[in-house]
Amino acid sequence: MRLMFKQTLALGTLVTTLLAASVAQAVEINIVLGSVGKDVEVLKELIKPWEKETGNTLNVVPMPSSATDQFAQYRLWLAAGNADVDVYQTDVIWAPQLSDQLLDLTDAAKDIVKEHFPSIIESQTVNGKLIALPIFTDAPALYYRKDLLEKHGASVPKTWAELTETAKKIQDAERAAGSKDLWGYVWQGNAYEGLTCNALEWVKSHGGGQVIEADGTISINNDKAAAALEQAKTWVNSISPEGVLSYKEEEARGVWQTGNAVFMRNWPYAYSLGSADESPIKGKFDVAPLPSAGEGTSSAATLGGWNVAVSKYSKNPEAAISLVKFLASAPSQKQRALLSSQLPTVMALYDDEDIKAQQPLIPRWKDVFLQAVPRPSAPTKSKYNEVSSKFWSAVHDTLSGKGSAKENLEVLEAELTDLKGNAW
Ligand code: GLC
């Protein structure tokens, strides 16, 4: 009797296994992502346990590093109903613009969403549909060279004016002593989404608003915003190379990590890369919040971050959903944090001992990202990309000497008003 029971059980298990194998055929999933630093290598490392457990394989298709170029390509693919791409890595600002072509993950993710910061889940929810799961969040830092500041008796700048002065002083002294390639400050001045992030920080920290406010009001044409842009213009060809007007994240990091900049504005990924054994600046730098404009103003960090979404044209939606859940999970986010100092969206990881010990930036940056300023993608809905492109163009023109900030912001206001029409 007992033996029979055991045999039946064994047979039952075998049948279940066979059935499972025939139902869940191993498939290949294609993911597209723009990458900076080691993003592609990190992803390939992270997904090993998922590939092992499911038998599926992941084909990683790297895209240009510019968020703007990625967005243009993704829109074309989605508009054409491309079935070759299963999973898109998406920027925090894209949710309202791509939501129609992405699967609703609400049900699939209902057990795990509560582990994440609610504001981040909300940012990926459009008309009640959760269209992407977060894999990391982003808030920039002012990277500074501890050794150079100490050598020149300077403290970490708290205002943009202090930064300008300290950068110039150290740059001049170090150049005179033979460091011909040293620059004071590197950042992202190319005409793309990254400039929108930088310029929003200048404007907001001058008390000049958020370009378009949460209620949809166009606020950018004001004196404080103009003063912020005029100040940034003075950096070009002085403490920042003229080439900064074509820098994205990686160009700025290139100058910084070879030891050729006193200050850099960049996202947390640059922290682990700068601290690596082979980095010439290992042990020589630290991070601080970005400066403010002085009394009565406060520092502003633009909220960034990346998510993974499943295309509604995917031929393997189940496997794709299991992948995005896996990438958003606490173990994957922990490994990502340890490998590339990207900020988790899983709340508990800010108290994780391994992360604290190996990537001390992360617990320090929890408040910075929680207070970070969102770009106006929620109020401007499907028009955000056009809004941003008009903003970064006005800023880029100002920085390049094509018109004053005041003139360019006046034109920008008129263009945005046209674009808005009766409502966003
Ligand atoms: C970072 C941010 C992203 C932003 C981009 C701009 O990748 O996470 O949100 O759009 O930089 O370059």
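This report describes the surroundings of the ligand in a predicted model.

## Basis

Residues are numbered from 1 along each chain as its sequence is written. Local features need pLDDT of at least 70, side-chain atom pairs count only at pLDDT 80 or more, totals for chains, interfaces and linings use all residues, and side-chain values use heavy atoms, with hydrogens and water left out.

## The shell

The ligand is surrounded by D91, D138, Y192, E193, G194, E249, W267, G304, G305, W306 and R375 (a residue is near if one of its heavy atoms lies within 4 Å). By type, these residues divide into 3 nonpolar, 3 polar and 5 charged, with Trp and Tyr counted as nonpolar, Asp, Glu and Arg as charged, and Gly as polar.

## Polar contacts

A polar contact is a pair of N or O atoms within 3.5 Å. The side chain of D138 has an N or O atom 2.5 Å from an oxygen atom of the ligand. For R375, a polar side-chain atom lies 2.8 Å from a ligand oxygen, and for W306 the distance is 3.0 Å.

The protein covers 93% of the 310 Å² of accessible area that the ligand has on its own (Shrake-Rupley method, 1.4 Å probe).

## Domains

At least three shell residues come from each of domain 1 (2-138 + 303-373) and domain 2 (141-302 + 379-420), with bounds from an automatic or database domain assignment.

Definitions and conventions
Polar contact = N/O pair within 3.5 Å; in protein donor to acceptor, adjacent residues only side chain to side chain.
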